[in-house]
Amino acid sequence: MKQKHSLNIADLQINVVTEAPAEDVEKISGMLDRKMREIYLASRCPKTEAALLCALDFCAERLALQEQIAALEEREEKYAIVLENFKVRTADQAAELDRLRAENAALQALLLRCGAPVTDLSGEGIALDPVSPQEFLEQVAEAQTEKAEDAPAPAPATDDATADAPAPGDKPRKGRNAMGSMFDLLSFDDVD
């Protein structure tokens, strides 16, 4: 609802009808009164010219603020594009992480089949015992040896490919590491 306000700006009486709250009208008129008095006292020009100079000053400020708003809106559009790119990259990285977790779980399951020492099967993944790579290889070789000792004796080897493989319970030959001997025991049935 519109209300009538009587204002005194730089000793000029003016009546204004507006829907704005009384507090806003007083705040605006106070700013205008201060600005008019600054201009009037600094230049000693007539009050009507001071009012025009004040209006010009406020228009200049308004234009400067509009330019700032336009620049901020342009920057916002650029940041929206950057944000969208980050969302896409994040989704790609999340998919890659899921793929790596699945691959990790498959590898850990393979290690379990080979008898590798594994702990904490209740979490998202399987956490291997914190050991050095050399200790890990030794543990794998030891587990394979124990597994081979518990298994029934293999049939005698007849072809040259199996003649080179170490017998169960034998330590890997020089020139072959424990990881190589672990893969000798794997077959295509062990791989999913």
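Me: What makes arginine 37 count as buried, partly exposed or exposed?

Reply: Its relative accessibility is 34%. Buried means under 20% relative accessible area, exposed over 50%, and partly exposed in between (1.4 Å probe, protein chains only), so arginine 37 at 34% is partly exposed. Before we go on: this is a predicted model, where local features need pLDDT of at least 70, side-chain atom pairs count only at pLDDT 80 or more, and totals for chains, interfaces and linings use all residues. Residues are numbered from 1 along each chain as its sequence is written, and side-chain values use heavy atoms, with hydrogens and water left out.

Me: And what about aspartate 33, is that buried or exposed?

Reply: Aspartate 33 comes out at 16% relative accessibility. That is under the 20% limit, so aspartate 33 counts as buried. For the chain as a whole, 15% of the 192 residues are buried.

Me: How do you know that aspartate 33 and arginine 37 form a salt bridge?

Reply: The term asks for a side-chain nitrogen of Lys or Arg within 4 Å of a carboxyl oxygen of Asp or Glu. Here the N to O distance is 3.1 Å, so the pair qualifies. Both residues sit in helix α1 (residues 22–43), four residues apart, which is about one turn of the helix. Helices here are DSSP runs (H or I, at least four residues), strands are E runs of at least two, and both are numbered from the N terminus.

Me: Which residues form salt bridges with arginine 99?

Reply: Glutamate 96 is one, with the closest N and O atoms 2.7 Å apart. Glutamate 103 is another, at 2.9 Å. In helix α2 (residues 47–113), glutamate 96 lies three residues from arginine 99, about one helical turn. Glutamate 103 is four residues from arginine 99 in helix α2, again about one turn.

Me: Why are glutamate 96, arginine 99 and glutamate 103 called partly exposed?

Reply: Glutamate 96 has a relative accessible area of 36%, arginine 99 has 41% and glutamate 103 has 39%. Those values fall between the two limits, so each residue is partly exposed.

Me: How do you know that β1 and β2 pair?

Reply: Two strands pair if DSSP finds at least two bridges between them. Strand β1 (residues 3–9) and strand β2 (residues 12–18) have seven, in the antiparallel sense, so they pass.

Me: What makes lysine 47 a charge over the face of tyrosine 40?

Reply: The rule wants NZ of Lys or CZ of Arg within 6 Å of the ring centre and within 35 degrees of the ring normal. Lysine 47 lies over the face of tyrosine 40, at 5.9 Å from the ring centre, so the distance is within the limit.
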